[in-house]
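Please open the structure in your viewer and keep the selection tool at hand. The tour below goes from one selection to the next and says what is there at each stop.

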Amino acid sequence: MSTLRFYAVKESLGRKPIPVQEPERRSDIFERNVFNESSMRQYLTKDSFQSVMSAMEKGTKIDRNLADHISTGMKEWAITKGATHYTHWFQPLTGATAEKHDAFFETMENGHAIEKFGGTQLVQQEPDASSFPSGGIRNTFETRGYTAWDPSSPAFIYGTTLCIPTVFVSYTGEALDYKTPLLRALQAIDHAATSVAKYFDKNVTKVNNTLGWEQEYFLIDSAMAASRPDISLAGRTLLGHTAAKGQQLDDHYFGSIPSRVLNFMRHLETECMYLGIPVKTRHNEVAPNQFELAPIFEETNLAVDHNTLLMDLMNKIAEKHHFKVLFHEKPFAGVNGSGKHNNWSLATNTGVNLLGPGTTPTKNLQFLTFFINTIKAVNEYEDLLRASIASAGNDHRLGANEAPPAIVSVFIGSQLTDVLDELEKVTDGKLSPQEKTDLKLNVVGKIPEILLDNTDRNRTSPFAFTGNKFEFRAVGSTANCANPMTVLNAIVAKQLLSFKKKVDDLIANKKMKKDDAIFNVLREYIKESKRIRFEGDGYGEAWEKEAAKRGLSNFRSTPEALKAKVSKKSIALFEELGILSKVEMEARHEIELEEYAMRIQIEGRILGDIARNHIIPTAIQYQNILLENVQGLKNIYGTEFKEFAGEQMHLIEKISGHISKINKGITDMIGERKKANIIEDPEERAFAYCDNVKPYFEIIRYHCDKMELLVDDELWPLTKYRELLFTK
Ligand code: ADP
Ligand code: MG
């Protein structure tokens with residue numbers, strides 16, 4: 001009997017929901033472990049408080065002398081909350097968050113000891129950076145990197161450690177993390193969107209990008225997850241026959257949440273409250289044992305920090321409830337994978353959502369301006385947007401008829417399509433008073449009314465307008481949202497800047513009124529960005545053909561998709577906006593290619609190991625039982641034995657057939673890996689892994705999964721899909 005599998009199943013069947021303590025009101029504990037405005041008021045001097053606030057709001061620098069006061073106040077606050085250590089908390093390009101704890105504790109010369117945390121330790125640290133990916137930046141420039149405080153995201157206490165959100169850069173200034181380019185892109189969009197928003201309201205002085213992510217994930221019993229080498233090491237199953245029942249009955253989606261899971265969620269959400277992560281929505285997702293969590297949206301830098309922190313927290317809380325969280329985009333074949341929808345909008349300091357239709361024609365013209373410019377930006381940079389969400393895991397999802405396709409397009413719904421069709425007819429040049437009145441009354445003026453009815457939502461679109469925000473749905477569940485958010489904000493910023501230039505030019509040189517100029521430019525944009533708009537079924541083959549005709553890119557694999565990150569056009573965009581330099585972009589491209597190749601390499605090794613060392617020996621064991629049976633029948637029935645042993649002999653042959661196919665597949669795959677490994681160029685190597693190594697996964701898996709159907713269940717070593725997915 002396969003000990004580990006049955007031990008795991010037995011363990012998981014005996015589980016009971018773990019009791020959870022929840023506060024009476026969540027609002028009572030919200031941000032209790034965050035160094036927020038009210039804790040700052042309590043622990044900082046007036047000067048220090050004001051300098052942090054101004055750094056948060058306006059990005060001003062914090063005076064070195066004040067830094068000492070701030071760090072001392074922060075430390076005092078942290079100690080009252082039970083913190084013993086501090087760390088700079090950052091997001092290197094590994095995809096995980098990084099932390100290195102140092103104790104506040106220090107000894108003094110007189111043999112006494114104190115708790116200390118100075119301004120320099122708050123502002124800057126030098127972690128040993130050599131083991132983080134840099135794509136060769138550090139070889140070319142400088143060997144050291146440092147982390148620097150990002151005051152725009154508040155410090156918080158995680159466990160017993162004071163965490164200070166920081167950026168991570170090399171000594172020569174190159175970004176080595178996700179946060180640095182994001183902050184630069186947020187500045188760019190603020191600058192560009194503010195200048196355009198001023199057309200409509202002079203009082204706007206700042207525009208914040210807002211992000212509301214929706215995190216999908218699977219929860220698997222921890223004993224069962226540990227029983228599978230593929231789940232333990234790769235976060236997904238590399239083989240396993242689908243269960244007789246999957247998601248076809250739709251009986252999980254939005255269903256009653258299983259008790260063990262609900263307690264995990266309640267526990268998690270309580271911890272989120274302490275950390276200031278404003279989680280709001282929880283529900284079952286489509287696949288069995290798949291769930292979703294969504295917060296109230298926030299300013300994007302904070303939302304990204306909260307999402308990365310949440311993912312770490314989920315792992316920790318899951319352990320306490322004997323679960324393992326699978327964030328992978330495709331943990332199981334045959335049922336849905338997981339994504340992380342990024343809801344994106346722009347909000348002014350005057351409290352207006354620029355993608356929310358308003359109550360007056362002016363407000364709506366403002367809405368249309370931002371709406372159409374966003375569509376235009378996506379049209380211009382659809383390939384870069386696709387590149388921003390490329391990963392080995394997401395390749396399984398995009399284009400697999402369950403998630404948005406690998407083709408980027410924009411869905412806006414039939415009502416807004418009608419509005420754009422009307423706007424397209426606007427006269428070239430100055431508008432007559434009658435036309436303006438008509439537009440204001442019948443087109444622009446009607447928007448709020450129609451949007452309320454616009455409940456038609458196309459789930460197959462990768463980039464959909466959903467009433468008051470755009471929803472970028474193609475983002476993978478493991479992704480750091482900073483990556484797609486940097487690109488989206490950069491392309492929209494660039495677009496808004498060129499819009500502003502055009503409108504100003506028409507006003508100055510063609511003596512047009514502001515509204516006329518805006519209508520004229522928008523009309524051209526609508527025409528120019530038609531190819532990106534698609535309202536139909538994104539899963540269909542017809543769309544692939546149509547998209548090809550429209551000249552839209554359709555990159556099915558990561559190495560292909562990533563090319564757009566280093567195209568001349570993309571580099572020019574990022575350099576122009578001061579987000580990343582050519583060197584930095586090329587370094588990131590290289591890191592992502594390397595990560596891709598390594599992931600496929602690791603998966604290949606795991607698959608080879610499981611198939612050769614678990615599946616084949618089991619198959620032989622079962623075959624021996626069959627052989628013994630056949631031998632016995634022969635002993636008793638002599639020449640007539642075949643009458644009784646026919647099926648068994650057939651099975652013996654089938655098993656031998658699969659064994660030889662699996663063995664050949666593994667041998668060939670290893671041969672391709674060896675060839676790929678000696679390729680120096682990271683891009684070529686990634687392509688070799690993608691085109692020559694990865695195709696063997698399917699072949700090997702196919703025969704292993706067939707074998708699962710043949711071999712005695714009692715002998716099968718790997719925890720099966722029905723056990724993984726249907727144990728609650
Ligand atoms: P759904 O799209 O699942 O029906 P909602 O439309 O209520 O649900 O919101 C989904 C997500 O969109 C939530 O995380 C929410 O915070 C976010 N969201 C709502 N408004 C905005 C906005 N203006 N900017 C960014 N995110 C937003
Ligand atoms: Mg959802």
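This is a predicted model: local features need pLDDT of at least 70, side-chain atom pairs count only at pLDDT 80 or more; totals for chains, interfaces and linings use all residues.

**Stop 1**

**Stop 2**

From E11, step back to Asn 289, which is found in the loop between strand E10 (279-284) and E11. Although Asn 289 is not a glycine, its phi is positive, at about 60 degrees. For comparison, most residues other than glycine have a negative phi. Asn 289 counts as buried because it has 24 C-beta neighbours inside 10 Å, where 20 or more are required.

**Stop 1: a loop between two helices**

Now select Glu 31, which lies in the loop between helix H2 (26-29) and helix H3 (37-43). Glu 31 is a residue other than glycine with a positive phi, here near 65 degrees. Is Glu 31 buried or partly exposed? Glu 31 counts as partly exposed, because it has 19 C-beta neighbours inside 10 Å.

**Stop 2: helix H26**

Move on to helix H26 (residues 682-693), where the buried residues are Pro 682, Arg 685, Ala 686, Phe 687, Ala 688, Tyr 689, Cys 690 and Val 693. To see what covers these buried residues of H26, display the elements that include helix H22 (558-562), helix H24 (582-637), helix H25 (642-677) and helix H27 (695-710).

**Stop 3: the whole chain**

Finally, zoom out until the whole protein chain is in view, with its secondary structure of 28 helices and 17 strands. The radius of gyration of the protein chain is 29 Å, close to the 27 Å that the globule rule gives for 728 residues, so the chain is as compact as a globular protein of that length. Taken along the principal axes, the box that its C-alpha atoms fill is roughly 105 × 80 × 55 Å. Of the 728 residues, 48% count as buried, and among contacts between residues at least 6 apart in sequence, 76% join residues at least 24 apart.

Terms used: Residues are numbered from 1 along each chain as its sequence is written. Chains are lettered from A and ligands numbered from 1 in the order in which they are written. A residue is buried if 20 or more other C-beta atoms lie within 10 Å of its own, exposed if 12 or fewer, and partly exposed in between; C-beta atoms are placed from the backbone. Helices (H or I, at least four residues) and strands (E, at least two) are DSSP runs, numbered from the N terminus. Two residues are in contact if their C-beta atoms, placed from the backbone, lie within 7 Å. The radius of gyration is taken over C-alpha atoms; the globule rule is 2.2 Å times the number of residues to the power 0.38.
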